[in-house]
Amino acid sequence: QVWVFIVAPLVGSALASFVFKFLNTEEKPRRAAVINDLSGAGKCSLTVMLPVLSALGCETSVLPTAVLSTHGGFKDPVYRDLTDDMLKTAQHWKREGAEFEGICSGYLSSREQIDTVREIFELFTDEHSRPLRLVDPVMGDNGTLYGIFNKETAQSMSRLCEKADILTPNMTEAYCLLHEPFKDGPYDEKELKRVMKALSDFGPKIVILTGAYTDGKTIGAACYDREKDETALVLSDRVPGKYHGTGDIFAAVMLGAMLNGKTVKEACAAAVRYTAKCIEETRKACGDNTIWGVKFEKCLPFLMHDVLTENDE
Ligand code: PXL
């Protein structure tokens with residue numbers, strides 16, 4: 001009967017280790033909510049963010065702020081505002097027990113929409129759950145703000161940015177948020193760091209500057225992780241042309257990669273690699289005719305391999 005005392009603990013510990021391993025390797029949920037407009041044609045905002053997040057394994061709910069026939073790069077798009085439904089939609093999700101690991105916002109066209117996003121952030125935050133909040137403060141590009149952005153709307157956007165964990169402005173938006181005159185590039189690394197740290201002082205612990213460049217040949221993104229006090233610059237070859245929706249694609253990869261456990265630097269590098277690949281494919285296929293958006297679909301296998309391979313092993 002002595003063998004019982006030897007075998008039983010062995011069997012017990014093997015069983016315990018199996019159960020522990022099973023519990024430990026159980027997939028963490030990756031649920032995301034995206035607040036953005038639905039531009040029917042032209043591939044930007046929801047029509048690119050949803051497929052990218054899905055490809056990264058994130059179960060994604062979408063909250064459309066408006067439905068448009070196309071993005072604003074086309075002439076006179078048909079526009080249906082959905083501001084009045086935004087909070088009601090989020091409240092319905094809440095009543096049904098929806099929970100998210102990440103929530104992000106993009107193009108918002110009025111002060112009311114911007115303030116509603118702040119309410120939605122609060123709605124999904126309690127003692128049990130605190131989703132990662134990404135705010136892409138879409139306000140302008142190349143030194144000019146979009147027509148709808150005046151002092152008032154920009155002020156609301158600043159207040160929303162205070163509530164973000166991850167902020168992804170381009171250089172135009174970054175200087176606007178800092179109330180500084182726009183400076184054209186190239187930027188030296190010291191200036192990029194100063195801008196990111198100054199924006200982080202408002203609240204977000206992670207700041208990414210998109211479209212950052214230090215010379216005429218390359219372009220990419222700079223990132224700052226306040227908790228690690230770490231900055232990085234990730235660059236890729238510059239390709240001429242205007243590419244709609246690439247800011248949205250970048251933000252979706254950033255959130256999706258972080259929900260998959262990547263560090264800020266890793267997520268930023270993956271976002272630069274994927275965005276650059278989408279641009280490269282579009283340039284090859286379309287030349288200067290880029291208004292219909294980038295060839296992001298073709299590049300999804302690359303993105304999945306890039307971000308998810310380690311997870312699957
Ligand atoms: O990708 C940003 C964006 C989103 N939504 C609309 C836009 C733009 C940029 O032009 O026009 C309607």
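Trainee: What should I know before I start?

Mentor: This is a predicted model in which local features need pLDDT of at least 70, side-chain atom pairs count only at pLDDT 80 or more, and totals for chains, interfaces and linings use all residues. Residues are numbered from 1 along each chain as its sequence is written, and side-chain values use heavy atoms, with hydrogens and water left out.

Trainee: In what order do the nine strands of the open sheet stand?

Mentor: Strands (E, at least two residues) and helices (H or I, at least four) are DSSP runs, numbered from the N terminus. Two strands pair if DSSP finds at least two bridges between them. Here the order is S3-S2-S1-S4-S5-S8-S9-S10-S11, with mixed pairing. Strand S3 (79-81) and strand S11 (230-237) are at the edges; each has a single partner strand, so one side of each lacks a neighbour in the sheet.

Trainee: In which sense do S10 and S11 pair?

Mentor: Antiparallel, over eight bridges, with S10 spanning residues 218-225. Ile219 is opposite Ser236 in S11.

Trainee: Which strands does helix H2 lie across?

Mentor: Contact means heavy atoms within 4.5 Å. Axes are lines fitted to C-alpha atoms, for helices over the stretch in contact, and angles run from 0 to 180 degrees between N-to-C directions. Helix H2 (residues 46-55) lies across S1 (31-41), S2 (59-70) and S4 (102-105), at about 140° to S1. Helix H3 (residues 83-95) lies across S1, S2 and S3, at about 165° to S2.

Trainee: Which residues surround the ligand?

Mentor: A residue counts as near a molecule if one of its heavy atoms lies within 4 Å of it. Asp37, Ser39, Cys44, Ser45, Leu68, His71, Gly72, Tyr107 and Asp248 surround the ligand.

Trainee: What does the side chain of Thr60 reach?

Mentor: Thr60 is in strand S2, and its side chain reaches the backbone oxygen of Cys58 at 3.0 Å.

Trainee: Where is the cis peptide bond?

Mentor: The cis bond joins Gly185 and Pro186, with omega about 0°. Pro186 lies in the loop between H6 (171-177) and H7 (189-200).

Notes
Polar contact = N/O pair within 3.5 Å; in protein donor to acceptor, adjacent residues only side chain to side chain.
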